[in-house]
Amino acid sequence: MSLSQADRAALIQMLETQPDLDRWRLRAQEVEEPESGSDLALDDKIFPHMAISQLARMSLIFSGEHLRLALDALQANQLYPSSHFTVLRGGLAGASQAVWILSPDDSAKRRERGLTVLAEMYAQMGKYYDSLAALSQDEKERLDEQKKWLNVRKAGVTAARTGSAGLNLTDVIRASAEATFAGAGQHEAVRRLWREMSADAHALGWSVFQRSSFGPPDRRTGIGQAQAPGSPAHVAEAFLASYRLLKHGWSLFDRRCEQPRGA
């Protein structure tokens, strides 16, 4: 694959993230709990059945998995004009969700955001259970028990919340970008990437058009060919934005897990 100078520079930047991604991969292999008296230790008490600290940590871990997969493909000398961005969208979503939960200094806001994510998780679990067709009486009984368990958990989350707003990932992306990056231009770039990569995630082609080069149109039909071979520079924009959000998310997680000085 012949690379331009810009593509080579982009590839180097992405490869330089590997030590951090490997370090976070190793951290994911053991449970990490917040220190007694820390922000997250106190936040976790609001709904101990699913600790807010572990919900945020899970978002960070999943984001790192997506970024490692994207990097593995690059190291295998493989570029994907669309599917690279479906992976990176998952990385962006996970990192942003963690930053969104962890960034407020106001504990009530952190807890409400964590419970909002948890409420969405339980809602989607409920839809999954409702879609299942049991094949035997035993399976039906097990499914009914699982639904009862889930209803208890959902009721507990509702009782612990102070609001009722649903999870809006577009708002999460915006708020996390503002909490991570200094410039308004960077905030808008992250929001643009989120919107653009939605087309990749839903197999709609317009996002690939943004990354394509176009030949002259046919004189008879007016239709021309587009080429989208994949570019490290295109991948790097989404990859590095997600990586920086993820790095900020891990930093927030560590800070919120630390016991206050003098405690």
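Which side chain meets that of Glu 145 in a salt bridge? The partner is Lys 148, at 3.7 Å from N to O. The model is a predicted one, in which local features need pLDDT of at least 70 and side-chain atom pairs count only at pLDDT 80 or more, while totals for chains, interfaces and linings use all residues. Residues are numbered from 1 along each chain as its sequence is written, and side-chain values use heavy atoms, with hydrogens and water left out.

**Salt bridges**

- The structure holds 18 salt bridges, each defined as a side-chain nitrogen of Lys or Arg within 4 Å of a carboxyl oxygen of Asp or Glu.
- Arg 27 pairs with Asp 254, and their closest N and O atoms are 2.7 Å apart.
- Arg 27 belongs to helix H2 (residues 18-27) and Asp 254 to helix H11 (residues 232-257), so this pair ties together parts that are 227 residues apart in sequence. Helices here are DSSP runs (H or I, at least four residues), numbered from the N terminus.
- Arg 27 is buried at 16% relative accessible area, whereas Asp 254 is partly exposed at 30%. Buried means under 20%, exposed over 50%, and partly exposed in between (1.4 Å probe, protein chains only).
- Arg 27 and Asp 254 are also linked with Glu 32 and Arg 57 in a network of salt bridges.

- Glu 145 and Lys 148 both lie in helix H7 (residues 137-160), 3 residues apart, or about one turn of the helix.
- In helix H8 (residues 169-180), Glu 178 and Arg 174 are 4 residues apart, again about one turn, and their side chains form a salt bridge at 3.5 Å, N to O.
- Glu 178 is partly exposed at 40% relative accessibility, as is Arg 174 at 33%.

**Surface patch**

- Leu 204, Trp 206 and Phe 209 make up a nonpolar patch on the surface, with about 330 Å² of accessible area together. Such a patch joins nonpolar side chains (Val, Leu, Ile, Met, Phe, Trp, Tyr) within 5 Å, from residues with over 30% relative accessible area and no salt bridge. Areas come from the Shrake-Rupley method with a 1.4 Å probe.
- Trp 206 sits in helix H10 (residues 206-210) and is partly exposed, with a relative accessible area of 39%.

Key. Patches are made of residues with over 30% relative accessible area and no salt bridge: like charges are joined within 9 Å, nonpolar side chains (Val, Leu, Ile, Met, Phe, Trp, Tyr) within 5 Å. Helices (H or I, at least four residues) and strands (E, at least two) are DSSP runs, numbered from the N terminus.
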